[in-house]
Amino acid sequence: MNLTERITYHLLHSLLWCLSLLPLRAMYVISDAVAWILRRVARYRLRVVRDNLESSFPEKSKRELRDIERRFYGFLADYFFETVKMLTMSRRQMMRRLTVENIEMVDDAVARGRSVTLLLGHYCNWEWVSSLPMRFTPGTVGAQVYHYLHNKAMDRIFMKIRTRFDSHNIEMNDIMRFLIDHKRRGVPTVTGFIADQCPKYDIHLFVDFLGHDTGVYTGPERIARFLDSEVLFCHMRRDRRGHYVLRFVPVTLEPKREATFDITRAYIDLLEKNIREAPQYWLWSHRRWKRTRADFYEHWGEHADKMLSHL
């Protein structure tokens, strides 16, 4: 970082660190006000949120959709403050606030020398999932795929947040090098992938997701097959403010035996079911369906069908 970026980082980090010292109960009071401002005053991505909800739940009434919308903005503000809280949250507090029902699924796989691929979405507080490694059997290598932020000050702050609880943050372009190195040394890894973003045009599969013809990432499936890792979906629920429950759901224990794309399809199906349980906790402000199949075919032309024929 240059001088300006370093100054920005230290100022912003100091501000957020001081904010994180507040108890979550106090943070939620501020969060309620922020949520109201985001929705009613700033109207932050309100058109995107409404379009996404209306097209995903055509069976719901306008009143039901507005209720989900209101709850979503409340959660979005809570997510910000809960993430800031991670700067100073103790391990004991994190263990109490994020309950993991069946951590033994991961520990047992690692004990057998198997790597584990964890699949999750932008659902509930996905940042808190970075605390999973502190729950694993000591010595287990836990990692997550990381995308650099353009704002270098915020990138450094998020790097600090996401590595506080023993997780390795690995940039997407470096993840294969990281995993191959550990595989060669016979060291199993537990790696988390958030794979519900909108790909650019490097799409190999379209699926039905929340009523949309949706291009999806297949990279996690390719990596799971390469590692021959057990694949688990991270099902999440929010019992109340500041309290989440995570449960691992098996996708496959033998990825190399699965038909092409079956792992990705199973993941998307599990994620959709999880979202439908409480829609307000998914990231509706993201322009998830901005690239259509028609856009994909226009981009690739005569090569489009070949792209969709393989992982």
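E69 and R50 form a salt bridge, their closest N and O atoms lying 2.7 Å apart; the term denotes a side-chain nitrogen of Lys or Arg within 4 Å of a carboxyl oxygen of Asp or Glu. This pair links distant parts of the chain, since E69 belongs to helix α4 and R50 to helix α3 (residues 46–56), 19 residues apart. Helices are DSSP runs of H or I with at least four residues, strands are runs of E with at least two, and both are numbered from the N terminus.

E69 is buried at 1% relative accessibility, and R50 is buried with a relative accessible area of 16%. Buried means under 20% relative accessible area, exposed over 50%, and partly exposed in between, with a 1.4 Å probe and protein chains only. Salt bridges with shared partners join R39, R47, R50, D51, E54, R66 and E69 into one network.

## Basis of the model

The model is predicted: local features need pLDDT of at least 70 and side-chain atom pairs count only at pLDDT 80 or more, whereas totals for chains, interfaces and linings use all residues. Residues are numbered from 1 along each chain as its sequence is written, and side-chain values use heavy atoms, with hydrogens and water left out.

## Other charged pairs

The count of salt bridges comes to 28. Among them is the pair of R241 and D32, with the closest N and O atoms 2.5 Å apart. R241 lies in the loop between β8 (230–240) and β9 (243–252) and D32 in helix α2, so this contact ties together parts 209 residues apart in sequence. R241 is partly exposed at 33% relative accessible area, and D32 is partly exposed at 44%.

The side chains of D181 and R185 also meet in a salt bridge, at 3.0 Å from N to O. D181 is partly exposed, with 36% relative accessibility.

## A buried glutamate without a salt bridge

E171 is located in strand β4 (residues 168–171). E171 is buried yet has no salt bridge, and the nearest side chain of opposite charge, R177, is 7.9 Å away. The side chain of E171 does reach the backbone nitrogen of N173, at 2.8 Å.

## The second largest pocket

The lining of the second largest pocket comprises 15 residues, of which A35, R70, R71, Y73 and G74 lie nearest its centre. A pocket is an open set of points on a 1 Å grid over the protein atoms alone, where a 1.4 Å probe fits, with protein on both sides within 12 Å along at least five of seven lines; lining residues have an atom within 4 Å of a point. Two or more lining residues come from each of α2 (24–41) and α4 (62–85), and α4 gives the largest share, 6 residues.

Technical notes:
Lys, Arg positive; Asp, Glu negative; His and termini not counted. Polar contact = N/O pair within 3.5 Å; in protein donor to acceptor, adjacent residues only side chain to side chain.
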